[in-house]
Every structure is written in structure tokens, then in C-alpha cells.
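Student: I'd like to learn how the words used for a protein model are tied to its numbers. Could we go through this one together?

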Amino acid sequence: MIIKHSHSTVYVTDQDRAKAFYTEKLGLEVRDDVKMGDFRWLTVAPKTQPDACIVLMLLAPSPLMNEEQAKQMRALLEAGVFGGGVLETDDCRRDYEELKAKGVSFVREPKEMPYGIEALMRDDSGNFFSLTQRHWTSGGGR
């Protein structure tokens, strides 16, 4: 039986640039950075979350996709079609200002939503993320 989710993949166009973006701009820490031949296993995560990682996977031909598929995926990635998920914060407006000052690109400023305050940002490859400060309720919180 499955007991937990531990890794999610975010495709990137350049692993060194992505590593710098996720660590220097977003403040995540590197968990793994290992070369296995031509393959590089690179993971990052929030310092406060020891049991989950984001795999920064180079978008390139591999056993999972051929050259043409990788080319198509890269075009979609760079066009900003893929979402990387939700990055939770305790103060969306504060973090929006700090990240914007560091050069992080935002698609939408912080906005009140039914579930909290949310801003939409992009990473250096084009993935979009929701930066969310949740409003917890007695029935639907953690």
C-alpha cells in the first residue's frame, strides 16, 4: 500500500540555472545533486519540509521521451503551459514583494481567493506556481 508521496517532478531547461533559482531566489535547499553518467538527479525542498522533494528534471530526450517529444515539451514549457504546483507561505504579500525584488516573474499579484491569498509566479524555465497563504477553516484545513 502507498504510504506517502515523496517526490514531484518539475521539468527545467537548465539544471544549473534552475538550482540557482530555486535555492537563491526561492530559498529552498538542495537535497540531492548526483551525477549518474549523463543523468543528473537534482532535488530541492523547503528547509521546513524534510519528507518531500521537488525533482528538477532536465527536459531532454530520455527513455521516457524521444527527441521530437522533448522538443514539443520544451516549447510548451517555455510558453508557460505547465504548472509546478502550490508553494505555501505564511505571508503571501510579504513574500511576493521579496521575490519580486529578487527578480522572480509574477503573472498575478497577490489576490484574495476563497482558500486564501494567492499570487502566481513563474520559475526560470516557464513553470508557473501558486504562491499561497491559506485561510484555514475548522472543516477543511490541514
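This is a predicted model: local features need pLDDT of at least 70, side-chain atom pairs count only at pLDDT 80 or more; totals for chains, interfaces and linings use all residues.

**Putting terms to the test**

Student: Why does Ser130 count as buried?

Tutor: Ser130 has a relative accessibility of 7%. Buried means under 20% relative accessible area, while exposed means over 50% and partly exposed lies in between (1.4 Å probe, protein chains only). Residues are numbered from 1 along each chain as its sequence is written, and side-chain values use heavy atoms, leaving out hydrogens and water.

Student: What makes the link between Ser130 and Thr132 a polar contact?

Tutor: The side chains of these two residues are joined at 2.5 Å. A polar contact is a pair of N or O atoms within 3.5 Å; within protein, one must be able to donate a hydrogen and the other to accept it, and residues adjacent in sequence count only if both atoms are side-chain atoms. The 2.5 Å value falls within 3.5 Å, so the distance passes.

Student: Which residues does Ser130 touch, not counting those up to four places away in sequence?

Tutor: They are Gly85, Val86, Leu87, Glu118, Ala119 and Leu120. Here contact means heavy atoms within 4.5 Å.

Student: Where is the place of Ser130?

Tutor: Ser130 sits in strand β8. Strands (E, at least two residues) and helices (H or I, at least four) are DSSP runs, numbered from the N terminus.

Student: How do you know that β7 and β8 pair?

Tutor: Two strands pair if DSSP finds at least two bridges between them. β7 and β8 have seven bridges, in the antiparallel sense, so they pass the test of at least two. One of the partners is Arg134 in β8, which bridges to Gly116. The hairpin of β7 and β8 has five residues between the strands, and Gly126 there takes a positive phi near 120 degrees.

Student: Which strand do six bridges join to β6?

Tutor: That is β7 (residues 116-122), and the two run antiparallel. Ser105 has Arg122 as its bridge partner in β7, and Phe106 stands opposite Met121. The hairpin joining β6 to β7 passes through two residues.

Student: Why is one side of β5 and of β6 left without a neighbour in the sheet?

Tutor: Four strands make an open sheet, ordered β5-β8-β7-β6, with mixed pairing. β5 (83-88) and β6 (105-113) are at its edges with a single partner strand each, so one side of each has no neighbour in the sheet.

Student: In what order do the strands of the other open sheet stand?

Tutor: The order is β1-β4-β3-β2, again a mixed open sheet of four strands.

Student: Why is β3 described as largely enclosed?

Tutor: Five of its seven residues are buried, so the rest of the structure largely encloses β3.

Student: What makes a group of residues a nonpolar core?

Tutor: A nonpolar core is a set of buried Ala, Val, Leu, Ile, Met, Phe, Trp, Tyr and Cys residues joined through side-chain atoms within 4.5 Å. The largest one has 22 residues, of which Tyr22, Leu26, Leu56, Phe106, Met121 and Leu131 touch the most other members. At least two residues come from each of β1, α1, β3, β4, α3, β7 and β8. In soluble globular proteins, nonpolar side chains tend to be buried together.

Student: What is the mean pLDDT of the protein?

Tutor: The mean is 94, and 96% of the residues reach 70 or more. pLDDT is the predictor's confidence in each residue, from 0 to 100. Over residues 138-142 it stays under 50, and the model has three contacts beyond four places in sequence for them.
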